[in-house]
Amino acid sequence: MKFIADMMLGRLARWLRLYGYDTLYGIKEDDRILEVAKKEGRIILTRDSELARKARKLEVRVILIESNSFEDQVRQLMREGIQFNELFPENARCPKCNGPIVRVNKKEEIRDKVPEKVYEAYDEFYICLNCGQVYWPGKQWREMMKIDKRIRDISKLSGRDHQSEVP
Ligand SMILES: [Zn+2]
């Protein structure tokens with residue numbers, strides 16, 4: 001499943017990338033979005049009903065996102081059958097550029113790419129093969145993992161029978 005998100009959905013696009021979904025973001029013109037979606041078999045994610053209408057006319061799959069709230073957006077995608085499995089850096093795509101991320105085998109390779117303190121403090125690094133951004137399990141990463149857990153809690157709740165919530 002591949003996506004192309006409109007300019008209103010930057011946060012959602014970054015998260016889809018983290019969950020490993022190939023997601024284009026940053027194209028402003030509707031016609032260009034439609035063209036790329038059609039050519040590459042991408043699902044359009046948009047807040048714009050006019051763009052959604054045009055997409056349906058061209059028989060391009062589109063999800064008209066109903067809410068501005070990030071968690072509601074995730075909920076809607078789950079209802080559409082998109083899965084949010086546990087986040088693993090090896091499966092993620094770069095939130096900045098959509099490129100593939102791999103684990104760095106020898107940390108010497110990224111010595112000049114991170115601050116000295118970070119280099120000393122961590123042994124686990126990942127790098128985007130496209131833009132060269134380096135990632136490590138620091139504070140930002142831990143914040144991300146909290147959001148990941150919340151997202152997967154949403155998924156558990158929406159798949160669960162209401163009765164089972166009563167002890
Ligand atoms: Zn990148």
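Helices here are DSSP runs of H or I with at least four residues, strands are E runs of at least two, and both are numbered from the N terminus. With that in hand, let us start with the stretch that has a database label. UniProt, in an unreviewed entry, lists residues 1-146 for "domain: Mut7-C RNAse"; UniProt positions are given in the numbering used here, feature names are shortened, and annotations may be inferred rather than shown by experiment. Over residues 1-146, the chain is 36% helix and 14% strand, and 25 Å separates the end C-alpha atoms.

A word on the model itself. It is predicted, so local features need pLDDT of at least 70 and side-chain atom pairs count only at pLDDT 80 or more, while totals for chains, interfaces and linings use all residues. Residues are numbered from 1 along each chain as its sequence is written, and side-chain values use heavy atoms, with hydrogens and water left out.

Now step back to see the whole protein. There are six helices and seven strands, and along the sequence they follow the pattern β-α-β-α-β-α-β-α-β-α-β-β-α. Taken along the principal axes, the C-alpha atoms fill a box of roughly 55 × 50 × 20 Å. Of the 167 residues, 41% are buried. Buried means under 20% relative accessible area, exposed means over 50%, and partly exposed lies in between, using a 1.4 Å probe and protein chains only.

Just after H1 comes Gly20, with a positive phi of about 90 degrees. Helix H4 (70-79) has its own buried set, made up of Phe70, Gln73, Val74, Gln76, Leu77 and Met78. Asp72 also sits in H4, but this residue is partly exposed, at 33% relative accessible area. The C-alpha atom of Asp72 is 9.5 Å from that of Ile154, although the two are 82 residues apart along the chain. H4 is followed by Gly81, which has a positive phi near 95 degrees.

Which residues form an aromatic cluster? They are Trp15, Tyr19, Phe70 and Phe84. Rings of Phe, Tyr and Trp (its six-membered ring) pair if their centres lie within 6.5 Å; planes under 30 degrees apart count as stacked, over 60 as edge-to-face and the rest as tilted. The whole structure holds six aromatic pairs. One of them joins Phe3 and Tyr21 edge-to-face, at 5.5 Å centre to centre and with 75 degrees between the planes. Phe3 belongs to strand E1 (residues 3-5) and Tyr21 to the loop between H1 and strand E2 (23-25), so this pair ties together parts 18 residues apart in sequence. Phe3 is buried, at 0% relative accessible area, and Tyr21 also counts as buried, at 15% relative accessibility. Tyr19 and Phe84 make another edge-to-face pair, because their ring centres are 5.1 Å apart and their planes meet at 85 degrees. This pair links distant parts of the chain, with Tyr19 in the loop between H1 and E2 and Phe84, 65 residues away, in the loop between H4 and strand E5 (101-103). Both Tyr19 and Phe84 are buried.

For a contrast, turn to Leu129, in the loop between strand E6 (126-128) and E7. Leu129 is exposed, with a relative accessible area of 57%.

On a 1 Å grid over the protein atoms alone, a pocket is an open set of points where a 1.4 Å probe fits, with protein on both sides within 12 Å along at least five of seven lines, and lining residues have an atom within 4 Å of a point. Grid points are joined across faces, edges and corners, and a volume is the space filled by probe spheres set on the points. The largest pocket has a volume of about 590 Å³. Of its 24 lining residues, Pro95, Tyr135, Gln140, Trp141 and Met144 are the closest to its centre. Helix H6 (139-158) is one of the elements that supply at least two lining residues, and H6 gives the most, with seven.
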